[in-house]
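Please have the display in view while I talk.

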Amino acid sequence: MESARDKYTREIVEAEELWQLPTVDRKGYECGSCGVDVYPASYLKTNLKRPYFSLYGDTDHLNGCDVEGDKKTVARGKKGSVRDELETSPGLSPSRLTLRDERVAVDPTLPRTSAQTSSARTARRDIDSETVRPVGRRAANTIRPICRAFLNFPFDRNMSLDVPGVDDKTYWTAFKKLGAGNKGIETFERPKIFYAELAWAKAQEDDGSLTIPLSAGEWSTDRKLVRHYKVRVSWAKWSKYKRTVVRNEMEVVREEGIKAKKKNLKDRAYIFFIGDQDEDDPTIFNVSDHRLICGLLGALIIVS
Ligand SMILES: [Zn+2]
């Protein structure tokens, strides 16, 4: 499972967020739908594999849990619209991005609280306590679940999406692929969730920033990338935990992409981000918040 609920804060936690915790409470998570205990796996900072949550061997999801149904919806969503399911699922297709107060939810050095946030409020109650199936689409606290929905549901990109600072309010219009149409290095006036394939070269880091090369930009006539877009993550003021999340995710998705290519799969490593195009060098996009960048492996399906 890609996410679970923190038993103490009641927040839905993405597995990648485990990378930014100083210590992981192995008993602290439950299924976000049915509440059965799950455990975090592959979360060590030195482990170059994406973290996830898993059921204990002798258990199963409770009756009525959404996890299996959600998997089927994702599979069907690659072949046609699954809009009705997305409208009534909390997590599959987030309706908006809400950056929550980091002092409460993200700073790992502060004590945990049971602060009610949008994701905790709108989560379904445990099935065994009371049958309440109120909610529609939930807010996301990073762009990652939004970007996953963009890849997973190509036939439903007309769904609404409210990202602060991005004026275009559907999945279809809020995202913009860098390098599309072979136009060389472009200047973009409208803020978007930009995305591109990751280059195979490793990201370069120093104390001020992490620079991630993208496989998009200006190509020569003999099909070499002569100028490529890059994402510069300005992390001088970040804690080492926040740096870990971004550094690890970039390296893990790079490895995932290389493996997929070797296996001849259609999946590619994509970097998604919200950032400002540099005024002096338009090949550079500056990103300053770790919640506004992610790397996902997927097959990009364009539906026209
Ligand atoms: Zn469950």
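How many cavities of 30 Å³ or more does a search of the whole structure find? The search finds three, where a cavity is, on a 1 Å grid over the protein atoms alone, a set of points at which a 1.4 Å probe fits but cannot get out. Before I go on, please note that this is a predicted model, in which local features need pLDDT of at least 70 and side-chain atom pairs count only at pLDDT 80 or more, while totals for chains, interfaces and linings use all residues. Residues are numbered from 1 along each chain as its sequence is written, and side-chain values use heavy atoms, with hydrogens and water left out.

The largest cavity holds about 100 Å³ of space, a volume here being the space filled by probe spheres set on the grid points, which are joined across faces, edges and corners. It is lined by 11 residues, and those closest to its centre are E17, Q20, T142, H290 and R291; a lining residue has an atom within 4 Å of a point. By class, this lining comprises three nonpolar, four polar and four charged residues, with Ala, Val, Leu, Ile, Met, Phe, Trp, Tyr, Cys and Pro counted as nonpolar, Asp, Glu, Lys and Arg as charged, and the others, Gly among them, as polar.

Let me turn to the pocket. A pocket, in contrast to a cavity, is an open set of points with protein on both sides within 12 Å along at least five of seven lines. The largest pocket contains about 1200 Å³ of space, and of the 41 residues lining it, E2, S3, L92, R148 and N152 lie nearest its centre. The elements contributing two or more residues to that lining are strand 2, helix 1, strand 7 (139–140), helix 5 (144–152) and strand 16 (293–298); helices are DSSP runs of H or I with at least four residues, strands are runs of E with at least two, and both are numbered from the N terminus. The lining of the largest pocket divides into 19 nonpolar, eight polar and 14 charged residues.

Nine of its nine residues are buried, so helix 5 is largely enclosed by the rest of the structure, where buried means under 20% relative accessible area, exposed over 50% and partly exposed in between, with a 1.4 Å probe and protein chains only.

Now the metal site. Which residues supply the protein donors of the zinc ion? They are C31 (SG), C34 (SG), H61 (ND1) and C65 (SG), lying 2.1 to 2.4 Å from the ion; donors are N, O and S atoms within 2.8 Å of the metal (3.2 Å for Na, K and Ca), and because water is not among the atoms, sites may look incomplete. The angles subtended by the four donor atoms are 107 to 112°, which makes the arrangement tetrahedral, a label given to four donors if all angles lie between 85 and 135 degrees. For reference, the ideal angle for four tetrahedral donors is 109.5 degrees. Along the chain, the donors follow the spacing C-x2-C-x26-H-x3-C. C34 lies in the loop between strand 3 (29–30) and strand 4 (37–41), and C65 in the loop between strand 5 (52–55) and helix 1 (67–77), so the pair ties together parts that are 31 residues apart in sequence. Both C34 and C65 are buried.

Next, the backbone. Helix 7 (residues 240–262) has 23 residues and should span 33 Å at 1.5 Å a residue, which agrees with the 33 Å between its end C-alpha atoms; the expected span is 1.5 Å times one less than the number of residues. Most residues other than glycine have a negative phi.

F194, in strand 9 (residues 193–197), is buried, with a relative accessible area of 2%, and its C-alpha atom is separated by 4.9 Å from that of K176, 18 residues away along the chain.

Note on methods: Tetrahedral: all angles 85-135°; square planar, octahedral: opposite > 155°, others 65-115°.
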